[in-house]
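Hello,

Here is the structure for you to look through. Please open it first, then read my notes below.

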Amino acid sequence: MSRHDTNDDRADFGRRDILRIGGFGVAAAAVMGACGELDRGQVGRVGAVPTTVALPDAVVTNVTLLRTASSLEHSVVNVYSQIIGNSDLLEPKYDDMAKRFMADHQQNATLFEKLTTAAGGTAWTCGNPKFDDTVINPVVERITKGNAATATAKAIAASDDAHRDFLNFLQGLESLGGATYQSFVVSLSDPSLRSAAMTAGARSARHAALLALTINTDRPGGLVNFADAVNAQPGSPPTSMVAPSTTLQNIANQATGGSAVETPTPSDSAAPPQTEIPTVTAIPSQFGGLAAIQVVVGKGDENGTRLKLNLETPSLNSFVYEYMTPSC
């Protein structure tokens, strides 16, 4: 078959069949036609390919860690600023304590901003975008407003005890601060920066301890983790440290050879039990622990499930890299 015959056949195909083939056929014919033109030295193409934009390098440097530190400090300051002076969210008797803690975090933020500039970077003066979006805002929203109804779930009311929830949330944030700076110490290459991180971490750890004792004013056992104490010292636990939690009581009884406590089964007509609020302690574990910190807040949904989060030291996607610019 000659080249002329081939071109005539292609033209005949277009005239006879273009009206009866579907959209897929048209696209396929266009592609094959474009490929056929390659014999004539022309480049076939279907659509325009956009230019690929290379992503900036996400390098964890001293400046990255310092900017991340100041961002987290601003996020915590923003939480304190929302509850101080608001008696619906924080009991007035705790306002002075909260003001002192907020001032410490503002001081930390200022320090890390200065250190960022001294290290040749641009200081970060806003909250941490990732942490605000995934932790701060959802928790504050759940406590103060609840959740609106959706197509698959009923509405959830605002917290049944906002005072309790905010104190527990603050305790979790302060505990996270101590763990975060503990993790940063091994990554910072300058000894003076490590010292600054340790100082800020120690402040957060002290805040967390005082908040734990504040939350547990009616229970002396708030000093240490009850289960850890039982495992460290076999024998019957002191009566002053008996945990109010059925779960912890079962742990204690199993460790001491006692019998487990039977959990009462609610009747079908009773409301579902609410998710248990974890017990916080001034000394939760060994010093410098990096384990996730569990925070449970808000009123439970139709199944009694409260909002539960595991606060963990910053991951790579929440670092404030040098190429990022603040929006505040």
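The chain exposes about 18,900 Å², and carbon and sulfur atoms supply 56% of that area. Accessible areas come from the Shrake-Rupley method with a 1.4 Å probe; for residues, only the protein chains shown count as cover. This is a predicted model: local features need pLDDT of at least 70, side-chain atom pairs count only at pLDDT 80 or more, and totals for chains, interfaces and linings use all residues. Residues are numbered from 1 along each chain as its sequence is written, and side-chain values use heavy atoms, with hydrogens and water left out.

Now the layout. The chain has 9 helices and 2 strands. Helices (H or I, at least four residues) and strands (E, at least two) are DSSP runs, numbered from the N terminus. The order along the sequence is α-α-α-α-α-α-α-α-α-β-β. Of the 328 residues, 38% count as buried. Buried means under 20% relative accessible area, exposed means over 50%, and partly exposed lies in between. Take contacts between residues at least 6 apart in sequence: 71% of them join residues at least 24 apart. A contact means heavy atoms within 4.5 Å.

Next, the cores. A nonpolar core is a set of buried Ala, Val, Leu, Ile, Met, Phe, Trp, Tyr and Cys residues joined through side-chain atoms within 4.5 Å. The largest one has 32 residues, and Y80, F169 and L311 have the most contacts inside it. Elements giving two or more residues to this core are α3 (62–83), α4 (95–118), α5 (129–144), α6 (162–185), β1 (293–297) and β2 (307–311). The largest share, 7 residues, comes from α6. A second, separate core has 14 residues, including L65, F184, L188 and A200. In soluble globular proteins, nonpolar side chains tend to be buried together.

L311 is worth a click. Leaving out residues up to four places away in sequence, L311 touches V135, G172, L173, L176, A292, I293 and V295.

Then the strands. β1 and β2 pair in the antiparallel sense over 5 bridges. Two strands pair if DSSP finds at least two bridges between them. V296 has K308, in β2, as its bridge partner. In β1, 4 of the 5 residues are buried, so this strand is largely enclosed by the rest of the structure.

How many disulfides does the structure hold? There is 1. A disulfide is a pair of cysteine sulfur atoms within 2.5 Å. C126 is joined to C328, with S to S at 1.4 Å. C126 sits in the loop between α4 and α5, C328 in the segment after β2, 202 residues apart. The link is left-handed, with -85° about the S-S bond. C126 is buried at 8% relative accessibility, whereas C328 is exposed at 67%.

Last, the aromatic rings. The structure holds 6 aromatic pairs. Rings of Phe, Tyr and Trp (its six-membered ring) pair if their centres lie within 6.5 Å; planes under 30 degrees apart count as stacked, over 60 as edge-to-face and the rest as tilted. Y80 and F101 have ring centres 6.4 Å apart and planes at 80°, so this pair is edge-to-face. Both residues are buried. Y321 and Y323 have centres 5.8 Å apart and planes at 0°, so they are stacked. Y321 is buried at 7%, while Y323 is partly exposed at 42%.

Best wishes

How values were computed:
Buried means under 20% relative accessible area, exposed over 50%, partly exposed in between (1.4 Å probe, protein chains only).
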